[in-house]
Amino acid sequence: MAQAEDHPQRWTVLVTGAGGGIGRATAHAFSAAGAQVVCVDRDRQALQVTASEIGESAHVIAADLSDIAGFEALLDRAEHLAGPLDSLAQLAAILRRRAVRDVTEEDWDAHFSVNAKAAFFLSRAFAERLRESGRPGSVVNTASQSWSTGGLDGAVVYAATKGALVTMTRGMARTYGPDGIRFNAVAPGFVDTEMLRDGLESGSMDRMLAQVPLGRLASPDEVAKAIVFLASPASSYITGATIVVAGGQLMH
């Protein structure tokens, strides 16, 4: 059985969805904590912005995470650029706002392909790589408070994927815990990102904020701090957990 992880002399983290929003903030937060950060996103131009902001500790890989056949090559490339990986933070996600009556099969499949399927297969490939080399490590998945509340304003299918992600996180924590590989999730509430604001109807923001005891949106870096905590040895005895960062909207 692997021992609880010590802080690696060279902490190396792969962050998906690092081209913007919470993903970009998370890449920044890992770099500030001393990590080498491999930034992954399908938008190469957005990745270059992230990398230019961070500096020498950032490495860039443009990749479409719906292509699960490419995950081993993605991990090989990441380790070639930055060295053996210690942590994986999965921020990549899509949200297509649709009224339930308007959801198509293609909408459903697109959500689950990135938000759940890709997250499962990439984290499994990462964990198996660690297990085969006898190294501990950590995975942090990004869920949403909507996994419990059910989703609002056209986000029902998105919420369903996040419920799948919470359940998957628990199962993976049980599977890989004996190898010293921890799986946790962060469930953000309403975060001030382009994804949140895109497609909102008039009045939606007021309805959202009325549900939040703290009375405001989160900033992306407030979520990023929780992700870095769960990925780091500071949370070495936490696995299978979902930490809600929602300003009191969901108290779980």
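In strand 5, Gly137, Val139 and Asn141 point one way, whereas Ser138, Val140 and Thr142 point the other way, and all are buried (under 20% relative accessible area, with a 1.4 Å probe and protein chains only). In a regular strand the side chains alternate between the two faces of the sheet. Strand 5, residues 137-142, is thus described as mostly covered, with six of its six residues buried. Helices (H or I, at least four residues) and strands (E, at least two) are DSSP runs, numbered from the N terminus. The model is predicted, with local features requiring pLDDT of at least 70 and side-chain atom pairs counted only at pLDDT 80 or more, while totals for chains, interfaces and linings use all residues. Residues are numbered from 1 along each chain as its sequence is written, and side-chain values use heavy atoms, with hydrogens and water left out.

Strand 5 runs parallel to strand 4 (residues 87-90), to which four bridges join it; two strands pair if DSSP finds at least two bridges between them. Ser138 of strand 5 is the bridge partner of Ser87. Strand 5 also runs parallel to strand 6 (residues 181-188), through six bridges, and here Asn141 has Ala185 as its bridge partner. A right-handed β-α-β unit is formed by strand 4, helix 4 (residues 105-133) and strand 5; right-handed means that, with the strands pointing away from the viewer, the path from the first strand over the helix to the second runs clockwise.

The largest nonpolar core has 28 residues, of which Leu14, Val38, Val40, Leu74 and Phe183 touch the most other members. Such a core is a set of buried Ala, Val, Leu, Ile, Met, Phe, Trp, Tyr and Cys residues joined through side-chain atoms within 4.5 Å. Two or more residues are given to this core by each of strand 2 (36-41), helix 3 (71-82), helix 4, helix 6 (156-176) and strand 6. Helix 4 provides the largest share, seven residues. Another core, of 27 residues, lies apart from it and includes Ala35, Ala218, Ile227 and Ala231.

One cavity of 30 Å³ or more was counted, a cavity being a set of points on a 1 Å grid over the protein atoms alone where a 1.4 Å probe fits but cannot get out. Grid points are joined across faces, edges and corners, and a volume is the space filled by probe spheres set on the points. The largest cavity has a volume of about 110 Å³. Among its 14 lining residues (those with an atom within 4 Å of a point), Gln90, Ala92, Val114, Asn115 and Ala119 are the closest to its centre. Helix 4 gives the most to this lining, with five residues.

Terms used:
Buried < 20%, exposed > 50% of the residue type's maximum accessible area, 1.4 Å probe, protein only. 1 Å grid on protein atoms, 1.4 Å probe; cavity = no way out; pocket = protein on both sides within 12 Å on 5 of 7 lines; lining within 4 Å.
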